[in-house]
Amino acid sequence: MNLIIFGGLLGVLMMFAGILLKDKRQVSMVALLLMVALAVLNAWEMNHGPVFHVNTADMLATSRFNLLLNEIMLGACVIYFLLSGRDIEKVGNYVAEYYALIFFIFTGVGIATSYTNLLMLFLGIEIISIPLYILTGADKRNLKSVEAALKYFLMGSFSTGIMLMGIALIYGAGGSFLLSKFNLQFTPISYNLVGGLLLILVSMAFKVSAVPFHFWTPDVYDGAPTVFTSFMATIVKVAAFVAFIKLFEGSYGIIQEKWQLVISIIIALTLLIGNITAVFQQSVKRMLAYSSIAQAGFMLFALFAFNFWAREGIVLYAAAYSLATIGMFAVLARMEDFSFEGFNGFAKKEPVVAFAATIFLLSLAGIPITAGFFSKYYMVASALAGGGKYLWLLVLAMLCASVSVYYYFRVIQAMYFKTGDAVAHAVTPAFKYLLVAVAALVIILGVMPQALLQYLYF
Amino acid sequence: MILVSFIFLPLIAALISFGIKQESVAKTVSLLASLAVLGIVAYELTLPAGSSALQYSRIWLGSINSNFSLLLDGPAKITTLLTAVSFVVIFLATWKNSYADVNQYYGLMLLTMSGLMGVFLASDALLFYFFWELALVPVYFLCSKWGGEKRIPVTFKFFIYTFVGSVLMLIGIIYLYNKTPDQSFAWKSFKAVVLINKEQLYFFWFFFVAFAIKMPIFPFHTWQPDTYETAPTSTTMVLSGIMVKMGLFAVIRWLLPVFPEMSSKMGNIVVVLSIIGIIYASLIAIRQDNIKRLIAYSSIAHIGLMNAALFLHNGYAYNGALLQFFNHGINIIGLWIVVDIIEQQTGIRKMSELGGLAHQAPRLAIMLVVVALANIALPLTNAFVGEFLMFTGLFQYNVWYAVVAGISIILAAVYTLGMIQKVLYGEKNERFAVKDLMPLQSLALLLIVAMIFIAGVFPKPMLELGQAGVKAISAVVMK
């Protein structure tokens, strides 16, 4: 609840800061401080309850699960501000506005992760999406950025429309927007209901860029300014996943059989297309865009089996994936050349940065001792906990994970084993230390995932 | 508590080594660390069975019931001893070699050692998997950065090959975890798992393929000769001497006790595959001109025999295989040391271009002959005892298998003696001069030769080390 109220308030504050402060650096500092404050407020809610008690009329309800995920997103955003603040300043003149939009997105995140009413879901997803359209086109002199924004906006509008139609059908079936009312255990299954659920499934799959609704992702991620790609690919995607999980959690028990069939097809396609297409990319930025599709495939396992493993897994996955991707994008944003060759010989020039980037890539590939291993592990375990019925899916997922090693390691090879002179801008000592700290965090989570997961319970 | 130092001592030394700039200090730190580990291992070996220092357990991931638990049983004693001895010998023998970024090289070597120790000690399936993958990562960097030409694609093939194998094993581990009576990753619980026939069939192969790729067994061996050839030689020593034992060791700890029925049902297929590999690799070895590839193929043949021995369900064969774990490691490291010395001085790997080394470097020649004879398993050398026991087991299992596999002894003599002839004798190539062994190299090779003869004449201590392990396996498998 704190996130919704204060996210909006601090966003407005941020806009005023833009009027008062002329120096971009100061704006960044203010944004960082406010984001830390937001994270603290959310942590406060986890331990002590919300600051303001608002009667939400059963529209919103927070749980430990979503608060923890909010906290992960906020923490990731603090790290993101620290690592990429300078890049945000470089995008254009309206720095304060960019920050304000990010705060507004967090308001949307707050709603989308705690809704109990389909209207709130719609509201949350829209509040997340509209600022994103603007951020994608923030670099307005760059045609690619503008194209990406338009593409994203058009496609996003369609998905919004589909979601609304789905909600309308569900309302038609049960006469209510409440999640608890269309919980299939009490509602008779009708064409309206199933149709509605399928339409919502489609629009949510669009938001998490699951195949076959992924076509916007590579273009938008590639076209958007690199800093905002990083934000979109991590924090926003996690938020969409939490909303997705919440939507189907209640109905799962009844439709399990059919649901698993549908979702397993989506997972298989997402993994296959995401991974195989990533192999053929020549630009690291585009590779990371496809890799984010591939990673979404693994995160979808949380929707495959709603069990203990899935809950812990998505928490871990959100943290591992966000940290590694934000770190990797922060490194990428410093590079002159985004192609694989652009990284040639990088380790000689910037050994510390290259080391941290290696840890991030290992984590994305799911190698033990990094957080990525346990996050993938939990996902596989969640699907296996129900028995070996979908063994083919797991074998496929694991083979896809091996494929992903191929393209992540290409960057490592370029950095360490090939000769060349990679050019990187503005690598300050502070940036290096931060990057190493994030890498250390990835390793700590990889050895002691319990350090994070315990917050789910206490 | 002492067991933990097997893993953490090299790990800490590795971290120290990364921070050191001077070459000699990095080398000294590595050597001291490996010596210290060897000392601790030797101390552990003197402890009586059942001593509390042979086990260690601590909660690691409480909520999913995975513990940081280590166990030093018979097979583990042999493999950890091999690891500790090998690293000391490798560091001694390659003391004079110079590498770019030497501190990183040694740091990665120590990390590998740490990972290997973890694999051999882990008695928790998740922990085992963790180390299994972890041991691979430093090797990837070692081979890709310091290897010969074509190192990047070759190492990459090796990495992805083994990675594919191990992720399938991960599925198996999780599946078995769900089937354990107490939802735990402990080795004991895994042994108590009851599976229906079909499950056993699937997961036996999931596990076995992971191990077979690591060993490697025909037809999963294609990564091996290329990798051995391009990797820096001291890394090849680790790969061929110790890392292949990961696969064999894993069969003993994680395959035979967990799938006893399926192991005996599938035993025949595995043995046949191994024998095909033995003959196939021996035949290819004869045709090799590149000395490194020759040793690589000869290693496939030896490993094939050991793997076959593990599936014979025969006490002699187990004993021989465990003995050979150690001996094969020592012998092949000896061969690589000689090859490394020749290559460092001449830059040549082709046997057709070498020749007449016996005149220039008589001491080197003697060492090479001894190690090579041990490679053929001549009586008095260590490998004889092990191979004799394994062939006894094979003979009792199926006479014809023993006959076919026995041909490999002759083939081994053909290619090994051929190698000696071409490298040491014959016409001398005038383009280079080879200096004889330097003191540290002599020391390393003398150690190896001493181990070859001692283990060849008096194998009892080593046999006793493995004995407890053999009994334990036999009790489960040969019901």
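Two residues are in contact here if their C-beta atoms, placed from the backbone, lie within 7 Å. Keep that cut-off in mind; the model is predicted.

**Stop 1: Leu142 of chain B**

Select Leu142(B). Its place is in helix H6 of chain B. Is Leu142(B) buried or exposed? Buried, because 26 C-beta neighbours fall inside 10 Å. Now show its contacts, leaving aside the neighbours within four places in sequence. Leu108(B), Met109(B), Pro232(B) and Thr235(B) are in contact with Leu142(B). Gly107(B) and Leu142(B) are 35 residues apart along the chain, and 9.9 Å separates their C-alpha atoms.

**Stop 2: where chain B touches chain A**

Show both chains. Here 23 residues of chain A are in contact with 22 residues of chain B. Which elements of chain B give two or more residues to this side? Select helix H5 (125-134), helix H6 (136-146) and helix H7 (151-179) of chain B. H7(B) supplies the largest share, 12 residues. Colour the chain B side by class.

**Stop 3: H14 and H19 of chain B**

Select residues 315-346 of chain B for helix H14, then residues 439-457 for helix H19. Their axes come within 10 Å and cross at roughly 150°. An angle over 145 degrees counts as roughly antiparallel, so H14(B) is roughly antiparallel to H19(B). The crossing of these two helices, H14(B) and H19(B), is left-handed.

Show side chains for the contact:

- From H14(B): Asn327(B), Ile330(B), Asn331(B), Ile333(B), Gly334(B), Ile337(B) and Ile341(B).
- From H19(B): Gln441(B), Ala444(B), Leu445(B), Ile448(B), Met451(B), Ile452(B) and Ala455(B).

How do the residues of this contact of H14(B) with H19(B) divide by class? They comprise 10 nonpolar, 4 polar and no charged residues.

**Stop 4: H1 of chain A**

Move to chain A and select residues 2-20, helix H1. This helix has 19 residues. From first C-alpha to last, H1(A) reaches 26 Å, close to the 27 Å expected at 1.5 Å a residue.

Highlight the buried positions of H1(A): Asn2(A), Leu3(A), Ile4(A), Phe6(A), Gly7(A), Leu10(A), Gly11(A), Met14(A), Ala17(A) and Gly18(A).

Methods:
Residues are numbered from 1 along each chain as its sequence is written. Chains are lettered from A and ligands numbered from 1 in the order in which they are written. This is a predicted model: local features need pLDDT of at least 70, side-chain atom pairs count only at pLDDT 80 or more; totals for chains, interfaces and linings use all residues. Helices (H or I, at least four residues) and strands (E, at least two) are DSSP runs, numbered from the N terminus. Axes are lines fitted to C-alpha atoms, for helices over the stretch in contact, and angles run from 0 to 180 degrees between N-to-C directions. Angles under 35 degrees count as roughly parallel, over 145 as roughly antiparallel, 65 to 115 as roughly perpendicular and the rest as oblique. A crossing is left-handed if the near helix is turned anticlockwise from the far one by less than a right angle, and right-handed if clockwise. Ala, Val, Leu, Ile, Met, Phe, Trp, Tyr, Cys and Pro count as nonpolar, Asp, Glu, Lys and Arg as charged, and the others, Gly among them, as polar. The expected span of a helix is 1.5 Å times one less than its number of residues. A residue is buried if 20 or more other C-beta atoms lie within 10 Å of its own, exposed if 12 or fewer, and partly exposed in between; C-beta atoms are placed from the backbone.
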